[in-house]
Amino acid sequence: MIATKMIPDFSAPVHVDQVGIEERASRFTKRSIKNETKLNGLMLALNMIDLTTLEGKDTNGKVKQLCYKAQHLHDAYPGLPTVAAICVYPSMVKTAKAALGNSGIKVASVATAFPSGQAPRDVKIRDTKYAVQNGADEVDMVISRGKFLEGEYNFVFDEIAAIKEACGDARLKVILETGELVTYDKVRKASDIAMYAGADFIKTSTGKISPAATMPVTLVMLEAIRDFYYKTGKKIAMKPAGGISKSKLALHYLVMLNETLGEGWMNNEWFRFGASSLANDILMQLMKQKTGVYQSANYFSID
Amino acid sequence: MAKTSEKRLEVLKTYKIYIGGQFPRTESGRYYVATNSKNENLANVCLGSRKDFRDAVVAARNAFGGWSARAAFNRGQILYRIAEMLEGRKAQFIDELMKQDSTKALAESEVNLCIDRLIYYSGWCDKFQQLFSSVNPVASSHFNFSVPEPTGVVAAIAPQNDSLLGLVSVIAPIIAGGNTGIVLASATKPLCAVTFAEVLNSSDLPGGVVNILTGKVGELVPFFADHMDVNATVFCEADAATQKLIKEKASLNVKRVLLYDKVKWSTATGQSPYFIMDLQEIKTTWHPIENIGGAKAGY
């Protein structure tokens with residue numbers, strides 16, 4: 001818990017240098033990463049994935065299949081890491097928990113009336129408690145973007161704090177839905193509010209709104225985490241989600257992470273990719289590295 | 001006006017590759033100089049890399065679903081449209097062929113033959129299925145029939161000794177049968193291939209159905225043969241070592257290997273529905289019926 005006197009005044013304006021952030025973010029895409037470095041990077045990215053299915057049509061069968069995939073990414077390639085977690089709706093947590101058994105893969109559940117967040121607070125708290133009671137190791141909440149844009153920062157702060165309390169031991173990821181916040185200034189402010197209110201992770205998007213995660217918006221959030229760490233000594237984790245489906249882009253994100261927060265964040269305790277199709281693209285790249293032959297989606301599991 | 005036009009510098013065309021309906025430069029940034037027998041420099045041409053090929057396969061695979069699902073009749077219309085566009089740009093192709101050592105008379109007849117060949121395959125688009133499909137007699141109450149279906153993504157290395165005719169003769173049966181493809185143009189005579197890509201691009205042919213690369217055969221042929229997402233490889237040279245290499249690498253995902261080293265493209269044997277059938281899979285369906293051969297109307 002952060003001492004009350006350390007909490008800044010959120011009504012004061014924050015300014016992010018838009019041109020600077022975009023220029024800096026584009027620099028990260030120009031690093032040359034080859035051979036062993038690429039291989040290690042791909043393995044690390046694979047290990048950071050929150051394999052996600054968040055659809056109205058999700059069934060127990062679909063979730064079981066995804067959990068199987070999480071444990072057997074591509075058996076033709078021995079020695080692969082597993083993904084970090086499975087991310088599902090609260091109603092699927094029990095199924096996922098049972099299917100994953102003692103594999104060490106975590107179950108993350110979205111909660112708080114995901115993806116809109118348009119529900120009363122007591123409903124959100126019950127939603128969260130339901131997920132945790134069913135065995136969720138991590139909870140992905142959405143902030144009330146409407147309230148945030150109205151300037152009701154205290155409301156958003158209190159809500160996150162209340163959900164954090166409802167989470168108990170589960171780690172809390174706070175989804176800012178940056179596509180709806182529009183400006184980097186607002187993303188930065190929302191990041192600060194979330195971290196001071198008790199978030200363990202800050203996460204860009206639900207994946208339901210376009211644009212989802214972009215490199216500049218992730219950089220703004222990484223810098224917020226860095227500044228928060230310098231001020232309070234507390235590490236916060238980061239999860240970009242949505243729109244990251246190619247291994248090359250994932251490597252760019254890892255470069256950005258390493259050059260902004262450093263090695264201490266380069267593992268799946270402190271960084272995650274929220275993605276569904278990224279895993280297969282990474283697996284195809286790994287098989288290309290191993291066999292020297294370009295791969296076909298026909299030989300990989302359906303995601 | 002006349003005086004300024006004498007001083008005017010001609011605007012030369014940049015010969016680029018054709019991937020997914022776009023004209024990018026090669027990702028490798030490399031080029032080579034295409035020359036003719038008089039050793040005149042004709043153009044700087046992209047020296048395509050394996051990554052260009054990889055990108056082209058992705059484009060072809062993405063285009064395959066839509067192209068193969070089109071009505072065969074509509075594919076015929078589009079092939080006809082390609083022929084129309086080629087007819088309209090005849091002069092440009094004749095000019096390019098002559099730059100690449102052809103004579104006027106030979107160039108004209110080559111372009112005409114290409115147009116006619118496209119019309120020929122345009123007609124076959126919705127007809128070869130009837131010829132090569134069958135209703136099969138079976139000893140159970142099933143209606144059993146076999147139909148040709150496109151094999152998928154075809155990687156072809158166009159005949160290397162001519163500029164346009166070989167290219168058109170290889171592309172037309174690929175797309176007439178509902179496949180999509182990546183074609184490597186003649187390395188020594190690449191000009192017409194790039195201009196033909198412009199014809200394709202203005203012919204209602206969806207982007208990615210045909211992708212045209214320029215570059216060296218020796219460098220790219222292993223990837224044409226071993227890419228796991230390619231379903232057939234076409235090779236037209238009588239080069240035993242390369243043929244062997246293709247056959248070996250193609251075995252990795254059991255792709256079809258078509259060797260057309262004995263085909264004379266300028267003759268009537270250079271066109272046939274069997275070139276379409278070379279790139280088709282036969283799918284047989286067993287459809288249960290109530291009463292076969294009975295007096296009643298069972299089906």
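Colleague: Among contacts in chain A between residues at least 6 apart in sequence, what percentage join residues at least 24 apart?

Modeller: Please note that this is a predicted model. Chain A contains 12 helices and eight strands. Of its contacts between residues at least 6 apart in sequence, the share that joins residues at least 24 apart is 74%.

Colleague: What radius of gyration does chain A have, and why does it agree with that of a compact globule?

Modeller: The C-alpha trace of chain A spans about 55 × 45 × 30 Å along its principal axes, and buried residues account for 48% of the 303 residues. For 303 residues, a compact globule would have a radius of gyration near 19 Å, and chain A agrees because its own value is 19 Å.

Colleague: Why do the buried residues of α4 in chain B line one face of the helix?

Modeller: Helix α4 of chain B covers residues 90–99, and its buried residues are B:Phe93, B:Ile94, B:Glu96 and B:Leu97. Viewed down the axis of α4(B), these buried residues line one face because they fall within an arc of 165 degrees.

Colleague: Is B:Phe235 buried or exposed?

Modeller: B:Phe235 lies in strand β8 (residues 232–235) of chain B. Beyond residues up to four places away in sequence, B:Phe235 touches B:Ile157, B:Thr242, B:Gln243, B:Ile246 and B:Leu259. A residue with 20 or more other C-beta atoms within 10 Å counts as buried; B:Phe235 has 27, so B:Phe235 is buried.

Terms used. Residues numbered from 1 in each chain as written. Chains lettered and ligands numbered in written order. Predicted model: local features only at pLDDT ≥ 70, side-chain atom pairs only at ≥ 80, totals over all residues. Buried ≥ 20, exposed ≤ 12 C-beta atoms within 10 Å, placed from the backbone. Helix = DSSP H or I, 4+ residues; strand = E, 2+ residues; numbered from the N terminus. Arc of directions from axis to C-beta. Rg over C-alpha atoms; globule rule 2.2 N^0.38 Å. Contact = placed C-beta atoms within 7 Å.
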